[in-house]
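Please read it alongside the sequence and the coordinates.

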Amino acid sequence: MPTTPDFERLLRGAALRVTRPRVAVLSAVHGHPHADTDSILGAVRETLGGVSHQAVYDILRALTAAGLLRRIEPPGSVARYEARVGDNHHHLVCRSCGVIADVDCAVGTAPCLTASDDHGFAIDEAEVIYWGLCPACNTASSS
């Protein structure tokens with residue numbers, strides 16, 4: 001897990017001002033991958049005390065725009081955030097409990113970026129979501 005100085009370097013490297021709330025949000029997302037905004041807010045409040053929902057929303061938006069975080073929103077789910085950025089990974093989502101796990105692309109670095117017909121788009125990202133039951137829910141459903 002990165003440390004406060006690591007988060008400060010990340011912020012400076014992205015030309016963002018280093019603030020305690022930004023560091024706390026980065027730490028929360030690194031510590032809780034695929035967390036939703038309310039979970040991140042709770043973790044930040046444990047660290048800093050009082051911080052508003054709006055402040056956390058604004059920080060998440062800024063960190064995502066700067067490429068330090070990635071926002072994912074599987075259908076039927078609220079937005080979630082992760083610190084794993086800049087690679088070609090996908091997600092597994094449990095249909096029962098909603099747990100999300102990362103999965104590396106099975107084919108290579110960015111095969112999903114070659115569409116059969118790009119319709120003139122300059123494609124820069126593809127999202128693949130695998131749906132199923134996590135091991136715990138699969139075991140529970142077969143019992």
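Helices, taken as H or I runs of at least four residues, and strands, taken as E runs of at least two, are DSSP runs numbered from the N terminus. The model is a predicted one, and in it the secondary structure of the protein chain comes to five helices and six strands. The points below take up the overall architecture, then the helix pair, then the backbone.

**Overall architecture**

- Followed along the sequence, the elements of the protein chain come in the pattern α-α-β-α-α-β-β-β-β-β-α.
- The C-alpha trace of the protein chain spans about 50 × 40 × 25 Å when it is taken along its principal axes.
- Contacts in the protein chain between residues at least 6 apart in sequence include 43% that join residues at least 24 apart.

**Burial, surface and charge**

- The protein chain has 143 residues, and 31% of these count as buried.
- Its accessible surface comes to about 8,500 Å², and carbon and sulfur atoms account for 52% of that area.
- The side chains of the protein chain include 12 positive and 16 negative ones, and the centres of these two sets lie 9 Å apart.

**The pair H2 and H4**

- Two packed helices are described by the angle between their axes together with the distance between those axes.
- For helix H2 (residues 20-31) and helix H4 (residues 53-65), the axes come within 10 Å and cross at roughly 75°.
- Angles of 65 to 115 degrees count as roughly perpendicular, and H2 and H4 are therefore roughly perpendicular to each other.
- On the H2 side, Pro21, Arg22, Val25, Leu26 and Val29 take part in the meeting of the two helices, and on the H4 side their counterparts are Ile59, Leu60 and Leu63.

**Residues with positive phi**

- Ala15, which is a residue other than glycine, has a positive phi near 60°.
- The place of Ala15 is in the loop between helix H1 (4-13) and H2.
- With a relative accessible area of 70%, Ala15 is exposed, since exposed means over 50% relative accessible area.
- His119 is likewise not a glycine, and its phi is positive at about 50°.
- The loop that holds His119 runs between strand S5 (100-104) and strand S6 (129-132).
- His119 has a relative accessible area of 62% and is therefore exposed.

Terms used: Residues numbered from 1 in each chain as written. Predicted model: local features only at pLDDT ≥ 70, side-chain atom pairs only at ≥ 80, totals over all residues. Heavy atoms only, no water. Buried < 20%, exposed > 50% of the residue type's maximum accessible area, 1.4 Å probe, protein only. Contact = heavy atoms within 4.5 Å. Areas by Shrake-Rupley, 256 points an atom, 1.4 Å probe, with all protein chains shown as cover. Lys, Arg positive; Asp, Glu negative; His and termini not counted. Charge placed at Lys NZ, Arg CZ, Asp CG, Glu CD. Axes fitted to C-alpha atoms, helices over the stretch in contact; angles between N-to-C directions. Parallel < 35°, antiparallel > 145°, perpendicular 65-115°, else oblique.
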